[in-house]
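Hi everyone, thanks for coming.

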Amino acid sequence: MIPIGTALPASQVPAPRLPVARAALVLFVALLAMLAPSAPAHALDSTTWLQRNLAGIGYLPYSGIDGVYGSQTSTAVRSFQHDNGLAEDGEYGSRTELALHNKVMEVQRKVGTTADGAYGDGTKSKVTAWQQANGLSADGVTGPATMNAMRIARTVKITGQWKTTEHGWSVSSQFDCLDNIWIRESTWKVYATNPSSGAYGIPQALPGDKMAVAGADWQTNPATQIEWGLDYIKSRYGTPCAAWSFWQSHNWY
């Protein structure tokens, strides 16, 4: 092996791998890529299907389905991210895609159609029929009122409120305490990771895989994380307000 930094005799210099003209073309293409304006990173869905899903669950008007990832779509994505415990960057990456598909599939299972995560005409028709049968405005859009009637949590905090009740506590007396803790721990973000300790998720479980007892999808599902977090609070402190009192004294719980 020739030491690094040793110059080779001219007779031993390897021949170029590319013809000069081809190498120049590759360099030119690379320069164009560097100079081209960047666009939001998209996952598997086309922009049109992203927009159809957002419109189907009420984050985007149907008139906004135009195949263009403009400011209206970016704002709708950011709103969905906010509600679902995701980084609010307005870009459609794999985490947002997974959460959006899961939310659409919840709707599809509720109305009895194929749960494929794509809010197409068939899903819209089924939702319209469900709305009619349940005395709601029948527009085929699973907006806040329809989602609430379906018992599908639109936001991570609604999930937290419903699970607070399921754990035997009053939302009016206990949820504010829970909110105070988790705003400070993770701002209710599903993928929140403490860079020092490695604590993970909405309740900041340490280590994060403790939450596997609540579900195999603990890394990505806010409902699973919230279920584990409330179980933890109940077993250790009894109530969210007792946990909040401890947190105020120790800055952890």
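Let's start with a quick one: is tryptophan 188 buried or exposed? Tryptophan 188 is buried, because its relative accessible area is 3% and the cut-off for buried is under 20%. Keep in mind as we go that this is a predicted model.

Now, who sits beside that ring? Tryptophan 188 pairs with tryptophan 182, edge-to-face, with 5.2 Å from centre to centre and 80 degrees between the planes. Tryptophan 182 is buried as well, at a relative accessible area of 0%.

Compare that with another pair, phenylalanine 246 and tryptophan 252. Their ring centres are 5.0 Å apart and their planes are at 80 degrees, so this pair is edge-to-face too. But here phenylalanine 246 is partly exposed, with a relative accessible area of 22%, and tryptophan 252 is partly exposed at 41%. Both of those rings belong to one aromatic cluster, together with Trp228, Tyr232, Tyr237 and Tyr253. Overall, the count comes to ten aromatic pairs.

Nonpolar side chains tend to be buried together in soluble globular proteins. In our model, the largest nonpolar core has 48 residues, and Leu54, Ile57, Trp182 and Tyr253 touch the most other members. Which helices give two or more residues to this core? They are helix 2, helix 3, helix 4, helix 5, helix 8, helix 9 and helix 10.

Leaving out residues up to four places away in sequence, isoleucine 57 touches a whole list of residues, including Phe80, Leu100, Val104, Tyr119 and Met147. Lys103 and Arg154 are also among them.

Speaking of charges, there are a couple of rings with one on top. The charged end of arginine 52 sits over the ring of tryptophan 49, 4.8 Å from the ring's centre. Lysine 234 lies over the face of tryptophan 169, and there the distance to the ring centre is 5.7 Å.

Last stop, the largest pocket, with a volume of about 450 Å³. Its lining has 25 residues, and Lys103, Glu106, Asn221, Pro222 and Ala223 lie nearest the centre. Helix 4, helix 7 and helix 9 each give two or more residues to that lining. Which helix gives the most? That's helix 4, with eight residues.

Conventions
Residues numbered from 1 in each chain as written. Predicted model: local features only at pLDDT ≥ 70, side-chain atom pairs only at ≥ 80, totals over all residues. Heavy atoms only, no water. Core = buried A, V, L, I, M, F, W, Y, C linked by side-chain atoms within 4.5 Å. Buried < 20%, exposed > 50% of the residue type's maximum accessible area, 1.4 Å probe, protein only. Helix = DSSP H or I, 4+ residues; strand = E, 2+ residues; numbered from the N terminus. Contact = heavy atoms within 4.5 Å. Phe/Tyr/Trp six-rings, centres within 6.5 Å; stacked < 30°, edge-to-face > 60°. Lys NZ or Arg CZ within 6 Å of the ring centre and 35° of its normal. 1 Å grid on protein atoms, 1.4 Å probe; cavity = no way out; pocket = protein on both sides within 12 Å on 5 of 7 lines; lining within 4 Å. Points joined across faces, edges and corners; volume = space filled by probe spheres on them.
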